[in-house]
Structures are given as C-alpha cells and as structure tokens.
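These are my notebook entries on one protein model.

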Amino acid sequence: MLPPGQLSPCTATSRWGHGAEEWSRASRAPHILHVLTPLTSHSLLTGEVRAHLLPSKACRTPTSRSSSTVPQPLPPPLPKKTLARARSLPTHGVLSPSPTPAGQPPRPLTGSCSVDESQAGGDEARPACPPAELPFCSLDVELGLSLHDLHCPEAVHAVLAAQQLEGLRTVHSRLRARFLGGRPGPCRPHHSFRLLDSLPCVKSGDSLYYRIVQVDKEAWHVLAAKVPKPGAKEPHPWGLELQASLPPHFNLQGLCGQMPEGALPEAPWIGPVVLAAEVPERTVAQWLVEADAQRPPDFAWAVALMLLQLSRALEHLEARGATLTELRPENLLLMAPRGCAASGHQRLLLADFGRVHSRPSEALGAHALQLGRLLRTLLDRVPLVTPLTAGLERLAAQLARVQPSATLMRRALQALLWGPGYELRGRGTPLGPWLQVRRALLVLHFAQRAAAGEVPGLEDWLCCEYLVEATEASMGHALELLWG
C-alpha cells in the first residue's frame, strides 16, 4: 500500500480521461508522430502532382476560330513550380530542407507551401525540376537526422523529444498571447468614459468595482473603476507605486491610469479613481460561499489551481523585493479567462497592493505561513479525502515547518496537480524519462482536443507551462518539499 497522500501514476493523467492506457501508449507516442508526418505530407503532394499532369494552355487542341494556315508563334513557357514539402512539426532550430542562397537569411518552416516560390516574396527563383522529377525534402533532413542516426533509436528519440518540447513552447506562447491579449493601453486626455452600471459589479474587502467604457474614437474597452471603500484602511503608497510600474502579468491586477475628477458626472463616487484593465466577477470569499452551497465534485482541484495562480503572483512580488503583509480571500479577485467559458476554471488576480511592502532581504519565505493558513481554510470545506487533498494537507504542514519561497510552493503545487507522484521521490529516481513521457502525452492531448474542435483552456495552459519549464532538479526539489 502507498502511504497517505500518495499519488498514483494515473493521477496526473486522470484529468484528461486517459487512465493507465496512456502509460502503455507513451513509449509508442514518438513513433506514432514519426510515422504520421510523412503520410500527411504525401497526401498534400498528391494534389500537386495531379496539377502538373494537366496539359498547359500551349498544348491544348486549337479551336476552329484560331485555325489558320499560318503557323502561330507559341507563347513563352509558363514558370515551373517548385513544391515544398508540408511541415507538420515545429522546426525552429533545425536544419533547413533546401539550401539558402548566399546573403539571404534562412526562412523558418512555418507550414505547407504550394505556390511558385520564384514569384513569392521577391526571392530569387530557384531551379525547378521537370514534372517527372519532383523535389523531395526528406523528413529526416528537416529533423536533423542522418542515415546513421536512423539506426540509433536513442538519437531518434532525442530528436523527437526536442521537437515535442519546442512544439509545447509554441503552444504555451500562443495561449499566453490569447489570455493576455486585448489589454487596453494607458488612458489619454482625449479619452472619454461611460458608466455601464450604477451599482458595483464586485465588492472586495477594500474596494468597489464599477464597469465603465473607455472610448477612443472608434475603439472602446470595458474597464473597472476601482473605488476605495469608505472607512477602508489607508493603502501603503509603496505598493501602489509598484503596481503602477509592473508589466502585464496574468495573476496581478493591471492598471490603465487614473480617471480625473468630473470625467463622469453621473458617477456614484467622488474624486479621482484608478482604472483596472481587468473587470472582476467575484472574490475568492464569494466563490467559497457558492461552493459550499453547490458542493462541486472537483472542488479540491479548483482550489489547487487557484493556489497555483496565487503562488505565481507571490513569486513575482518576491522577485521584485516585495511582500504581501496580509492575504485575505475577500481581496483576491476572480474572472473568466479571455476566450474561456465563465463556467470553467477562473483566473485569479492579486489586487491588494495597498498591503504590499518592501521585503527585508532575510525574509525569503514571508508568504509561506499565510498561504499555509489559507490552504487549511480551504481544505476544511473538502468533504472527501482524495490523493490530491492528502497531498495538499501535507503541503500545508510543510509550509508552516519549512517556510519555502513562492517559487518552491509553485513547483510543489504543480507536482501535486500533474505529477510526479509520491512513488518517484528519493534520489536516483529517473525523473528525466518521466518528464519526456508526460510531454509526449500532452502533445497527444492537444492533438485529440484539436481534432474534436475543442479550444485549450486555462488548465491546459498552466500544465503546458509546467512541463515546458520543469527540469529534473526542479521536480526533485518539489518532491523533497512534499515528501522529504
């Protein structure tokens, strides 16, 4: 039997509905991808071959109108097409399938190309082959494999693992651009504003949030006017200055500027207010009340995802030499991620910068005790004991004892959500092969979701971020914190 809190090998993949079968398919995943790519390229080239077999205009039978005893000069020959093989794997940092002319930068392989390259982009025309001798760019060349490497399974697996990692990096960056896109720019004097609701959309511990519209000629953005509550504690100016200087972060409330006094005569507040880029929908305290009434089956999983996002925000503060002196659920905001359904996992925003102070250099684990207390408060609402809840209980105890940094807290939460589990703890454990298997499974997961027409969500992005950044050393430190 496994000790309490142990995560089974299927725990990390159970969220995707694969179960134990994925572990048997994992070793075949690289070979599957290696076989499917040539087939896809062949099917695309079939149509191009058919196009070259059709007769050109110069070879068509003359009609009666054009018939004459005087021979007509033939038109100049049509330019021959140079076909490029369809690329279905990420190709950043690998060999180009065709030589690059001197003095020109190599072009990235971004997708299939069936146009005449001699007329595309003003590049110099490349020598074309007759229709009977179509150029064939070997997939092995694209991947950087030689004939000798094909006889070495280790070399093939290494190349496929590198391609999978590069593909996951691309997916992660595109999802990040999607979730953080649409952010309005800073407010300008010529901008006008309109109040959407006379009542606040959210009441946090220290602020009231009103939905307003920022109008700039033909463009408009929905923002949130952050109004201090009457009688609220005076915010610390150092934290507010820090918030105004931060670059966009997924889990930190961003500011667009200040609305001057009198810009909205019908506003239910007096004086200038700051404008937040994100419009919150509820607080964590309100979400807990709703969860107590509904008893969602995945409550523990949602709690772990929220704490993971909170640790990401705290990690950014610690990197800036800052610490949050008081962590309260009523000052943690929630909203649906951009492009995601409101019923899915929520995006968490740390907005209480009025309680952010400069951190002493010796206080490296200043947030661990607060996060541990919040975790215990949330776990009191979990009705059932599962491997995940047992792991979260273990983490709460370790946070009070070890007081790690926010970075190590984030890695521990990632390990509880997606592995590796308790059975892989200890020195000498092959965490590298485990990581390669998990990356291959995530590639298959994205492929299955795409084939079904589904859009990746917040959980997919956070898992992708973990597997892209994880190393054997980082996972080992997380397991040591949890089970050491």
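Before the entries, I record one term: a crossing of two helices is left-handed if the near helix is turned anticlockwise from the far one by less than a right angle, and right-handed if clockwise. I also note that the model is predicted.

**Entry 1: helix 4**

I checked the span of helix 4, which covers residues 153–180.

**Entry 2: helix 4 and helix 12**

Helix 4 contributes Leu165, Leu168, Arg169, Val171, His172, Leu175, Arg176 and Phe179. From helix 12 come Leu458, Trp461, Cys464, Glu465, Leu467 and Val468. By class, this contact has ten nonpolar, one polar and three charged residues. I noted a general point beside the list: an α-helix has 3.6 residues a turn, so residues three or four places apart point the same way.

**Entry 3: helix 11 and helix 12**

Helix 12 (residues 458–469) also packs with helix 11 (residues 431–451), and their axes come within 10 Å and cross at roughly 150 degrees. Helix 11 and helix 12 are therefore roughly antiparallel. Their crossing is left-handed. On the side of helix 11, the contact is made by Leu435, Arg438, Arg439, Leu442, His445, Phe446 and Arg449. On the side of helix 12, Asp460, Cys463, Cys464, Leu467 and Val468 take part. I recorded seven nonpolar, one polar and four charged residues in this contact.

**Entry 4: loops**

Where does Arg295 lie? I located Arg295 in the loop between helix 6 (284–294) and helix 7 (299–319). Its phi is near 55 degrees, a positive value in a residue other than glycine.

Gln403 also has a phi near 55 degrees and lies in the loop between helix 9 (387–402) and helix 10. At 37% relative accessibility, Gln403 counts as partly exposed.

Finally, I found a cis peptide bond between Gly419 and Pro420, with omega about 0 degrees. Pro420 is in the loop between helix 10 (406–418) and helix 11.

Methods: Residues numbered from 1 in each chain as written. Predicted model: local features only at pLDDT ≥ 70, side-chain atom pairs only at ≥ 80, totals over all residues. Heavy atoms only, no water. Helix = DSSP H or I, 4+ residues; strand = E, 2+ residues; numbered from the N terminus. Expected span 1.5 Å × (residues − 1). Axes fitted to C-alpha atoms, helices over the stretch in contact; angles between N-to-C directions. Parallel < 35°, antiparallel > 145°, perpendicular 65-115°, else oblique. Contact = heavy atoms within 4.5 Å. Nonpolar A, V, L, I, M, F, W, Y, C, P; charged D, E, K, R; others polar. Buried < 20%, exposed > 50% of the residue type's maximum accessible area, 1.4 Å probe, protein only.
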